[in-house]
Amino acid sequence: ILNGAYGQARSIVDERLRADASDVAALYLQGVLEFTDAEYGKAKRAFEAVRAAAPDHAPTLNNLAAINVQQKRESAAYPLLERAMR
């Protein structure tokens, strides 16, 4: 992902999720990839799955807040950002 090789990253993430659909790291990266593609609904589902497993994962909370901002739901973003900062 850091090098912009999104297709390759997506293949690796998909492979990891086929092996273990609850792989938190792979779910997080899936969310990042979907967010990068502006697939906010898919990104939100992936990040919510991460949040269910790791409720205080700051990067996930931050990304959920960013999705809310993209969807013009700023008031829903603020509590997520506050929690991420704690």
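This is a predicted model: local features need pLDDT of at least 70, side-chain atom pairs count only at pLDDT 80 or more; totals for chains, interfaces and linings use all residues.

Next, go looking for ring pairs. How many aromatic pairs does a search of the whole structure find? There are 2. Select Tyr 28 and Phe 47 for one of them: the ring centres sit 5.6 Å apart with 55° between the planes, which makes the pair tilted. Tyr 28 belongs to helix H2 (residues 24–36) and Phe 47 to helix H3 (residues 40–53), so this pair ties together parts 19 residues apart in sequence. Are these two buried or exposed? Both Tyr 28 and Phe 47 are buried.

Hop back to Phe 35 and Tyr 40. Their ring centres are 5.3 Å apart and their planes meet at 65°, so this pair is edge-to-face.

Keep Tyr 28 selected and show what surrounds it. Leaving out residues up to four places away in sequence, Tyr 28 touches Phe 47, Val 50, His 57, Pro 59, Thr 60 and Asn 63.

Last stop: the largest nonpolar core, which has 18 residues. Pick out Val 13, Leu 17, Tyr 28, Phe 47 and Leu 80, the residues with the most contacts inside this core. Then colour the helices: H1 (6–19), H2, H3, H4 (58–70) and H5 (74–85) each supply at least two of the core's residues. Which helix gives the most to this core? That's H2, with 5 residues.

Key
Residues are numbered from 1 along each chain as its sequence is written. Side-chain values use heavy atoms; hydrogens and water are left out. Rings of Phe, Tyr and Trp (its six-membered ring) pair if their centres lie within 6.5 Å; planes under 30 degrees apart count as stacked, over 60 as edge-to-face and the rest as tilted. Helices (H or I, at least four residues) and strands (E, at least two) are DSSP runs, numbered from the N terminus. Buried means under 20% relative accessible area, exposed over 50%, partly exposed in between (1.4 Å probe, protein chains only). A nonpolar core is a set of buried Ala, Val, Leu, Ile, Met, Phe, Trp, Tyr and Cys residues joined through side-chain atoms within 4.5 Å. Contact means heavy atoms within 4.5 Å.
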